[in-house]
Amino acid sequence: KNVSTKGRNEKNKTPVCVRNPHLDALKDDVLYHFGLGTGTHNLPAMFGDVKFVCVGGSPQRMKSFIEYIAAELKMEDPTSEYPNICEGTDRYDMYKVGPVLSVSHGMGVPSIAIMLHELIKLLHYARCTDVTIIRIGTSGGIGLEPGTVVVTKQAMDATFKPKFEQVILGKTVVRNTDLDQSLAEELLHCSKELKQFDTVIGNTMCTMDFYEGQARLDGAFCFYNEKDKQDYLRKVSEAGICNIEMEASVFAAMCKLSGVRAAVVCVTLLDRLKGDQLSSSHDVLHSYQQRPQMLVSCYIKKRLSEARLTSV
């Protein structure tokens, strides 16, 4: 059956759920934007051992992440590059090493939503269990020093409500955006062990736009002033929001529907209370972007070490 909504199977492992009875009627399911499919690829053989999925906007960043985590897990292959599993399409990139899958999702809610539909189906068809999905990325901070890492508590919309709204069949559907709080705490604990950068748990505002939707003054169009902007950002801060990005709400909603543990880990590149444009050097920004990778890598290594001890 392609429909599974139960929490745990008979082996006490949590499956990746899909909630679509129509999938049972498909002879083959083409994961078009991945260039993969149930009729053309042996998905259980390719992906059945996946336990950790890391997603991020930039294809290059997700390739660098798989190279980084491979070295950290001592699974690197110095003689060859990691192949892009989605080389048959130019929409997304996907890389794998051991139990870790790294996937790009582009920018914004529509792009990551399309990717997540196909990723969740892929993990389901591959019969993966006990999967954790983490978005790693960049964001604009609210009252935080640039370089601070934010682990999202709740994903909020631009009116400061913890919800994701989508129009389906002409009707507005509202979905929950809660994330796994125990996972957030585990990630925070890993940061304390690393002792290399500040990490906080806080709410994340997800917007539909980079410019006007985030109260910037430097877009092609702007019909408000600095005071309007500051008044709005002050309300953002009062709502307990620590950072702003463009994917967290739909990511949280879809991961919750599929029954997987999920987290959003984003570094802040600037304090939006102090400006709109990035003034840090390329090298500094690159070092900031490494921080979510370092934190998530620490978490994955810790989990795998615990799993090995349990299996002994």
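1. The model is predicted, so local features need pLDDT of at least 70 and side-chain atom pairs pLDDT 80 or more, whereas totals for chains, interfaces and linings use all residues. Residues are numbered from 1 along each chain as its sequence is written, and side-chain values use heavy atoms, without hydrogens and water.

2. The axes of α3 (residues 109-125) and α6 (residues 248-258) come within 9 Å and cross at roughly 20 degrees. Helices here are DSSP runs of H or I with at least four residues, and strands are runs of E with at least two, numbered from the N terminus. Axes are lines fitted to C-alpha atoms, for helices over the stretch in contact, with angles from 0 to 180 degrees between N-to-C directions. The crossing of α3 and α6 is right-handed (the near helix is turned clockwise from the far one by less than a right angle).

3. From α3, the residues Val109, Ile112, Ala113, Leu116, His117 and Ile120 meet Ser249, Val250, Phe251, Met254 and Ser258 of α6; contact means heavy atoms within 4.5 Å. By class, this contact has eight nonpolar, three polar and no charged residues.

4. UniProt, in an unreviewed entry, lists Arg91, Arg135, Ile136, Gly137 and Thr138 under "binding site"; such annotations may be inferred rather than shown by experiment. Arg91 lies in the loop between α2 (59-72) and β4 (94-97) and is exposed, with a relative accessible area of 58% (exposed is over 50%, buried under 20%, partly exposed in between, with a 1.4 Å probe and protein chains only).

5. Arg135 belongs to strand β6 (residues 132-141) and is buried, with a relative accessible area of 2%. Leaving aside neighbours within four places in sequence, its contacts include Ile112, Glu245, Glu247 and Phe251. Ile112 of α3 and Phe251 of α6 also take part in the contact between those helices.

6. Ile136 is also placed in β6 and counts as buried at 1% relative accessibility. Beyond neighbours within four places in sequence, Ile136 is in contact with residues including Val55, Met62, Phe65 and Val265. Val55 and Val265 are also among the contacts of Arg135.

7. The "binding site" annotation in the unreviewed UniProt entry also covers Gln214 and Arg216. Gln214 lies in the loop between β10 (199-206) and α5 (226-238), yet counts as buried at 3% relative accessibility. Among the residues that Gln214 touches, not counting those up to four places away in sequence, are Asp209, Glu245 and Arg272.

Key: Ala, Val, Leu, Ile, Met, Phe, Trp, Tyr, Cys and Pro count as nonpolar, Asp, Glu, Lys and Arg as charged, and the others, Gly among them, as polar.
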